[in-house]
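These are my notebook entries on a structure that is new to me. I looked up a few sites and wrote down what I found.

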Amino acid sequence: MGGLPERHPAVGTRFFDDMADALYRYGYAIVEDALPAGLVDSLFIHFKELGVDEFRQAGISKHHDYHVNGFVRSDAIAWLDHGSAASSDYLGWMDRLRLELNRRLFLGLFDFECHYAWYPERAFYRKHYDGFRGSTARIISSVLYLNPAWVPEDGGELVLYSPRNEQVVLEKIAPRYGKLVLFLSREFPHEVLPVNKPRYSIAGWYRVNQSRPGAVDPSA
Ligand code: OGA
Ligand code: MN
């Protein structure tokens, strides 16, 4: 797990206990300043340095029936890899979190994938569930927010709806800088409200391995 950032004071056993506990009890966790501040700053810098060419209009599905659907979502995305120190450190940190959650919740999370998401003014993402059609690989969704000095007038809150009644709002989450949100991918309908100012985040998913005889992790 090369490139892990220095130990963050908040990252003790207790920190992971609390996060696992929230996921177990409520199905989601909202954590302010979860990551080392230096890592959040370097991700934000890396994000801003990426050229427009590195982003593409987000579709609804990565593999099947890929199409751009501006009615459902209007963000632009760029997948993270180990090509920069910042993105590599984030993947390393999220992998550490994967192991800590597996240890506590026996989830068998197998890997993590994530992309930068850039919502230009007026962009949104209508109510949806994560996970691709016909695939159950995505187990936990994550979002790290990178919006310095966010104020309510900026909009773009993440709204989590009740798994039992998708009209009932559970949480309206301000996309504040350094906040990490985790939730069970298939349980919670959620949406991103229209933004009044460009909005920056990293959306990611912990997945289980779906390998079967003759099909090595087909959703990868
Ligand atoms: C997603 C998503 C939420 C957010 O990318 O699937 O729901 O707050 N993102 O950015
Ligand atoms: Mn989503």
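I call a residue buried under 20% relative accessible area, exposed over 50% and partly exposed in between, with a 1.4 Å probe and protein chains only. By that rule His128 and His190 are both buried.

The model is predicted, so I took local features only at pLDDT of at least 70 and side-chain atom pairs only at pLDDT 80 or more, while totals for chains, interfaces and linings use all residues. Residues are numbered from 1 along each chain as its sequence is written, chains are lettered from A and ligands numbered from 1 in the order in which they are written, and side-chain values use heavy atoms, with hydrogens and water left out.

**Entry: the manganese ion**

For the manganese ion (ligand 2) I found His128 (NE2), Asp130 (OD) and His190 (NE2), lying 2.1 Å from the ion. Along the chain these donors follow the spacing H-x1-D-x59-H. Distant parts of the chain are linked here, with His128 in strand β5 and His190 in strand β10, 62 residues apart. Strands (E, at least two residues) and helices (H or I, at least four) are DSSP runs, numbered from the N terminus.

**Entry: ligand 1**

I then listed the surroundings of ligand 1, counting a residue as near if one of its heavy atoms lies within 4 Å. Asp130, His128 and His190 are among them, and so are Tyr145, Arg199 and Trp205. The shell divides into seven nonpolar, three polar and two charged residues. In this count Ala, Val, Leu, Ile, Met, Phe, Trp, Tyr, Cys and Pro are nonpolar, Asp, Glu, Lys and Arg charged, and the others, Gly among them, polar. The largest share, four residues, comes from β11.

Which side-chain atoms lie 2.6 Å and 2.8 Å from an oxygen atom of ligand 1? An N or O atom of Tyr145 is at 2.6 Å, and one of Arg199 is at 2.8 Å. Taken alone ligand 1 exposes 290 Å², and the protein buries 98% of that; the areas come from the Shrake-Rupley method with a 1.4 Å probe.

**Entry: backbone**

Most residues other than glycine have a negative phi. Asp33 has a positive phi, near 50 degrees, and sits in the loop between β1 (28-31) and α2 (37-49). Ala149 also has a positive phi, about 55 degrees, and lies in the loop between β6 and β7 (158-161). Ala149 is exposed, at 67% relative accessible area.

Definitions and conventions:
A polar contact is a pair of N or O atoms within 3.5 Å; within protein, one must be able to donate a hydrogen and the other to accept it, and residues adjacent in sequence count only if both atoms are side-chain atoms. Donors are N, O and S atoms within 2.8 Å of the metal (3.2 Å for Na, K and Ca); water is not among the atoms, so sites may look incomplete.
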